[in-house]
Amino acid sequence: MNSEFNRVAQDFAQSQKLHHTDVEALVAILDGDGRGGAMTPGLLRERLNLTSGAVTACLDRLERAGHIRRTRDAADRRVVHLHYAPRGKEVAREFFRPLAHSTDAARSRFTEDELTVVMRFLTAMNDELTALRGTVPD
């Protein structure tokens, strides 16, 4: 399943003339800071394990292509927030609509109780992989 999701993401990257890292950045920007706030370049650097220069180049590409916009925080103008641009949202929505339909079709074949068990498993697996990543030597 992960391999197929990666292939879809690669197809999106190619269709938009983006790097694979750019798509990873778009996903992270969509997810935000994990606490309900917007992603920042610093958090994106940490999340993707990139240098500051690589993040800047990535964000420049995404902004030029119309996928994202950068805004300054009203309280602290030094802080930059990253958001999907309206054009970027529409492009992604159109491209990933078939994936959403496929997801809905697969989900419809399971009961709520079955989906609860699947979610428990996927959450536990994700927790284990996250913990493992923290123990792997650099």
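Predicted model: local features only at pLDDT ≥ 70, side-chain atom pairs only at ≥ 80, totals over all residues.

Trainee: How many helices and strands does the protein chain have?

Mentor: Six helices and two strands. Along the sequence they follow the pattern α-α-α-α-β-β-α-α. The C-alpha trace spans about 50 × 40 × 30 Å along its principal axes. Of the 138 residues, 22% are buried.

Trainee: Which residues of helix 2 are buried?

Mentor: Start with the general idea. An α-helix has 3.6 residues a turn, so residues three or four places apart point the same way. Now the case here: Asp22, Val23, Ala25, Leu26, Ala28 and Ile29 are the buried residues of helix 2. They pack against helix 1, helix 3, helix 4, strand 1 and strand 2.

Trainee: What comes just after helix 2?

Mentor: Gly32, with a positive phi of about 75 degrees. Further on, Thr40 lies in the loop between helix 2 and helix 3.

Trainee: Is Thr40 buried or exposed?

Mentor: Apply the cut-off: buried means under 20% relative accessible area. Thr40 has 17%, so Thr40 is buried.

Trainee: Which residues does Thr40 touch, leaving out those up to four places away in sequence?

Mentor: Val79, Val80, His81 and Leu82. Strand 2 covers residues 80-84.

Note on methods:
Residues numbered from 1 in each chain as written. Heavy atoms only, no water. Helix = DSSP H or I, 4+ residues; strand = E, 2+ residues; numbered from the N terminus. Buried < 20%, exposed > 50% of the residue type's maximum accessible area, 1.4 Å probe, protein only. Contact = heavy atoms within 4.5 Å.
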